[in-house]
Amino acid sequence: MSKQILAEIELGNFLPKITDKRNAAIPYQLNALELNKILKNQGKYYPFLIKPNPSQNKLDQKNAPYKITQLLTFKVPYYVGPLAKNEKNPHARFTWVVRKEAGQVTPWNFYDKIDQVKSADNFIKRSIGTDTYIFNEPVLPKSSLYYDEFSVLNELNSIKLNGDKIPVKLKQAIYENVFKKYKKVTVKKLKDYLIKNHEFKIVQVRGLADQTAFTSSLTSYHALKDILGDKVNEAKYNDDFEKIIEWSTVFEDRNIFYIKLNEINWLTELERKKLLAYRFRGWGNLSKKLLVDLKPTASGNVLDQLWKSKKTFIQIISQDSFKAAIDQNNVMVSKKLNDEELINNAYTSPANKKALRQALKVVKDVINTTGKVPDIISLRFNRGRSTETELSLNRQRQLIRQYNLIKDDLLNSELKKNLKQASNKRILTDKEYLYFKQLGRDAFDGSPLDFDKIKTYHLSHILPANYVPDDSLNNLALTTQSNSIKKGSQFANIFAQNIISNLNISVRNFWNKLVELGLMAKSKLYNLITDPDAINKTGRNKMIAHQLTGNSMVIKLLATIFQAKYPNIKVIEVRNNNISQLRKCLNLLPLPSNNDYDIGLDAYISAVIGNYLYNVYPKLRPFFIYGQYLSPDNEKNSPDFDIRSFNFLWKIMYGKEKDIYISGTNTPVFNRRDIIDKLKRAYHFKYQNVSQETFIKHGALFDQTIYPNPDHDLKKRSKLIRMKNDRPVDLYGGYSSQKSAYFSLVRIEKKNGSFTNKIVGVPQMEAGKLNKINNVKKYHEKLYEILEPIVMTSETGKLVKNISNFKILKAKIPYRQVIEDEGAKYTLGSAKYMYNFKQLYLSQDIRQIIADYVEDPNFRRHTRTIKLENDATISEKLNKVFEAILDQINTNFVLFNKARVKDKINEGSHKFYQLGISDKIIVIKNLLIACHANASAGYMKQINVNNTNINTIVTLTDSAELIYQSPTGMHEVKRKISDLF
């Protein structure tokens with residue numbers, strides 16, 4: 001053995017390089033055993049090899065008796081995490097380690113330097129998620145005794161025995177005598193108990209997800225009872241039980257779990273060993289604070305009410321007292337945390353968190369512009385945009401899956417055959433969809449309908465628009481024309497009791513059957529059996545609240561942040577259907593495919609509605625202002641108007657008087673005509689401020705496709721990047737291109753004396769190195785070094801001979817930077833892709849045709865404005881739309897001059913007039929996509945246009961401008977390229 005190798009072993013730096021992947025199958029314990037024997041044999045000749053392991057950990061000394069062996073067997077426990085604790089280290093914010101003392105940490109002094117228990121406690125705090133309802137509150141383990149109790153009681157309160165909810169005392173008896181007796185409770189065990197102990201003759205259980213057994217059980221109770229015996233029933237140990245379950249859930253490493261168990265002194269050694277052998281797993285969505293600690297009423301906390309009443313969890317937390325307590329708690333938490341901390345800890349998706357950040361930026365921008373905090377903020381939550389086609393296709397697939405699961409005589413082979421044939425040909429219309437959801441029967445009297453005559457049937461509102469303005473399928477029923485006019489007072493009683501002759505069941509039982517088969521929502525059944533004239537005052541208030549307020553957690557989170565930051569602001573939640581309702585009435589066509597102005601108009605309408613509700617209905621403010629709730633005293637004094645006035649926007653939509661008064665008074669607050677004129681004027685704006693978020697990319701370093709070496713590559717890519725340092729491209733191939741983190745603008749000087757301004761990507765793998773440089777001069781020197789090979793070589797890897805030098809004009813330009821150059825306005829998608837930033841504006845006549853025939857042919861979002869027309873007339877109207885868009889492309893979309901996009905569209909335009917109606921609609925849809933201000937491209941093979949991507953090297957003239965926008969777009973700063981020389 002050479003002196004060099006011996007020296008390396010002495011320093012602990014010698015580790016054999018194992019290249020054969022098969023060695024990974026050998027357990028490291030076997031390698032350690034072999035290493036220990038080698039060291040023991042060689043120790044006779046080289047004593048330093050068998051120096052004892054100085055680690056103070058007994059397990060380490062057992063597995064690694066020698067100092068060198070510790071290098072093989074030691075690993076940093078996952079619950080300790082990164083060891084860097086220097087505050088100057090940029091990655092220190094990701095650590096949670098707790099030190100016993102300062103100094104370098106090695107495998108031999110790890111336990112002297114690191115406090116395992118405190119580091120593990122910090123790990124627990126970081127690992128646990130936050131409550132769905134209460135901000136920043138840690139959730140309970142899924143195996144928590146509290147969580148098990150909640151799950152069982154909630155499921156018991158959700159089911160029905162023989163058609164009725166379980167009486168409270170009987171439910172409690174079932175909990176004590178069935179769930180505490182059996183680890184898994186089946187329907188048979190429940191039936192046996194009820195027949196034997198409570199004199200039930202017949203037991204029918206409804207409402208279970210699994211028809212044979214309960215999905216919830218007291219699993220943890222039984223596990224602890226097996227280990228700890230009767231101690232599990234002693235309340236004084238409850239807190240310790242929760243700690244044991246939490247530690248077991250968090251710590252997969254049983255060693256640290258054993259250390260934590262030693263904190264509970266009443267456990268025996270045998271009980272500790274049994275607990276170590278059992279593993280609790282998983283996390284819930286709710287916290288102890290929500291289930292146990294929150295007691296807003298005399299009825300007690302959530303668990304108390306689940307135990308003492310028939311209410312489900314949702315019914316309990318929907319009570320105004322609980323809502324108010326939760327909102328008050330959330331506002332208090334919000335005040336203690338900054339915006340970023342609150343959003344990061346929120347129980348919501350990354351996409352929603354991004355939306356929250358953007359909303360906060362918009363409000364701050366408005367405050368900075370106006371110089372004051374607004375009095376009212378109207379919030380309307382808009383889920384991710386899905387096209388009507390996507391929504392229809394999704395519901396159609398779900399219907400097919402539901403039909404495949406149903407095994408019932410009501411679903412005959414003819415229905416299945418019709419559904420299969422209709423689905424294979426096209427997307428189902430609303431009438432066809434409801435036909436199959438109603439099992440081919442009239443929703444109101446249960447009589448069979450003929451699928452071949454589907455167009456002659458009528459879509460009827462279940463609750464009329466003058467009661468609740470709801471145009472969703474949940475409030476629509478397919479029926480004959482004669483039945484559609486009978487909806488009114490006592491409607492439910494008239495139809496529900498009728499017997500369907502060929503089924504020999506009542507209409508009400510038929511509705512119940514549809515609910516049981518999963519073809520009708522319970523809320524739709526509620527609409528069907530509701531007699532609006534018979535609703536009492538409390539019921540009216542609930543319907544008002546449902547109509548006026550949303551229930552989105554994102555809205556509540558944003559409203560809470562606003563309340564904490566700006567206590568005097570009134571946050572009003574506006575429902576989507578209010579906006580749709582007003583758009584429909586005033587024919588403000590919703591066409592998101594046309595341009596981005598629809599988003600701005602929706603925001604404006606939302607503000608108008610919020611202001612209107614706040615001022616016209618002051619007594620109803622607790623219904624729609626976030627954080628205000630109707631107390632029992634206020635409820636008695638709530639307005640006693642007829643339920644037909646539930647359409648709160650009727651004064652704008654159908655009012656006969658020019659002034660709009662405060663409800664119940666003669667005090668005018670708005671001029672009706674003025675509101676309508678302003679809305680229509682905003683709708684016809686040809687220009688609006690539109691802004692896009694700019695960003696720096698973090699993520700993949702390369703285009704992930706691995707290409708073969710140039711000799712075997714059909715396209716002969718010559719600038720491949722090696723996958724690893726020890727894998728040359730000529731043997732292993734490589735990646736074709738690096739991903740850019742951001743861009744730089746360079747001014748290239750050519751040998752003939754001319755100049756070119758070019759956008760160049762800064763590779764992801766180099767951006768990290770640049771971020772570590774704080775000195776401006778050194779930063780530019782390093783950036784020049786990185787960009788030089790990119791600028792000086794072509795895409796084929798050859799040196800560009802006509803370039804003499806280049807200068808960096810702008811070091812960092814983000815993705816989606818807005819640029820205007822010679823009439824073309826676009827954003828940067830890459831160093832080669834330019835995305836259109838011009839907005840398409842079309843006349844009202846053209847937009848009407850698009851709404852009627854292209855975007856909303858089922859008239860779900862706008863009022864029908866056409867009669868049935870022949871194909872020739874429809875085709876001629878579509879020609880007008882095509883010509884109008886083509887005119888805009890030729891006149892205003894200068895960017896389309898690049899990459900011959902405009903030429904390709906014009907060259908193929910003559911083919912459009914020869915297409916059928918369906919193909920014309922496809923071309924128009926893709927033209928709208930192409931002209932939209934985003935990254936999407938249109939594909940129009942019908943007119944020989946493969947795509948409308950602007951794919952070319954991005955170069956700028958000296959007069960080009962970089963446009964920097966505030967979040968609202970109200971502030972812009974333009975910087976000419978010539979100013980950067």
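Visitor: At what angle do the axes of helix H29 and helix H30 cross?
Guide: At roughly 105°, and the axes come within 10 Å. H29 covers residues 576-586 and H30 covers residues 597-616. Axes are lines fitted to C-alpha atoms, for helices over the stretch in contact, with angles from 0 to 180 degrees between N-to-C directions. Helices here are DSSP runs of H or I with at least four residues, strands are runs of E with at least two, and both are numbered from the N terminus.

Visitor: Why is H29 called roughly perpendicular to H30?
Guide: Angles from 65 to 115 degrees count as roughly perpendicular, under 35 as roughly parallel, over 145 as roughly antiparallel and the rest as oblique. The crossing is roughly 105°, so H29 is roughly perpendicular to H30.

Visitor: Which residues make the contact?
Guide: Contact means heavy atoms within 4.5 Å. From H29 come Asn 578, Ile 579, Leu 582 and Arg 583. From H30, the residues include Asp 598, Leu 601 and Ile 605.

Visitor: What kind of model is this, and which residues count?
Guide: It is a predicted model: local features need pLDDT of at least 70 and side-chain atom pairs pLDDT 80 or more, while totals for chains, interfaces and linings use all residues. Residues are numbered from 1 along each chain as its sequence is written, and side-chain values use heavy atoms, without hydrogens and water.

Visitor: How many helices and strands are there?
Guide: The protein has 41 helices and 25 strands.

Visitor: Why does Gln 396 count as buried?
Guide: Buried means under 20% relative accessible area, exposed means over 50%, and partly exposed lies in between (1.4 Å probe, protein chains only). Gln 396 has 4% relative accessibility, so it counts as buried. Gln 396 is in helix H20, residues 388-405. Its C-alpha lies 7.7 Å from that of Ser 423, 27 residues apart in sequence.

Visitor: What makes Tyr 435 and Phe 436 an aromatic pair, and of which kind?
Guide: Rings of Phe, Tyr and Trp (its six-membered ring) pair if their centres lie within 6.5 Å. Planes under 30 degrees apart are stacked, over 60 edge-to-face, the rest tilted. The rule gives 28 aromatic pairs. For Tyr 435 and Phe 436 the values are 5.2 Å and 85°, and the pair is edge-to-face. Both residues are buried.

Visitor: Which residues do ring pairs link into a cluster?
Guide: Tyr 78, Tyr 79, Trp 96, Phe 123 and Phe 251.

Visitor: How do you know that the charged end of Lys 67 sits over the ring of Trp 108?
Guide: The rule asks for NZ of Lys or CZ of Arg within 6 Å of the ring centre and within 35 degrees of the ring normal. Lys 67 has its charged end 5.1 Å from the centre of the Trp 108 ring and sits over it. Arg 747 sits over the ring of Phe 981 too, at 3.8 Å.

Visitor: How do you know that E24 and E25 pair?
Guide: Two strands pair if DSSP finds at least two bridges between them. Strand E24 (residues 961-965) and E25 have five bridges, in the antiparallel sense. Gln 965 stands opposite Glu 972 in E25. The two strands form a hairpin with six residues between them, and Gly 969 in the turn has a positive phi of about 80°.

Visitor: In what order do the five strands form an open sheet?
Guide: The order is E22-E21-E20-E24-E25, with antiparallel pairing.

Visitor: Why are E22 and E25 called edge strands?
Guide: Each pairs on one side only. The twist averages 35° from one strand to the next. E21 and E22 are joined by three bridges, and Tyr 826 has Asn 836 as its bridge partner in E22.

Visitor: What makes both faces of strand E8 covered?
Guide: In a regular strand the side chains alternate between the two faces of the sheet. Leu 476 and Leu 478 are buried on one side of E8, Ala 477 and Thr 479 on the other. Strand E7 (residues 458-461) pairs with E8 over four antiparallel bridges. His 458 has Thr 479 as its bridge partner.
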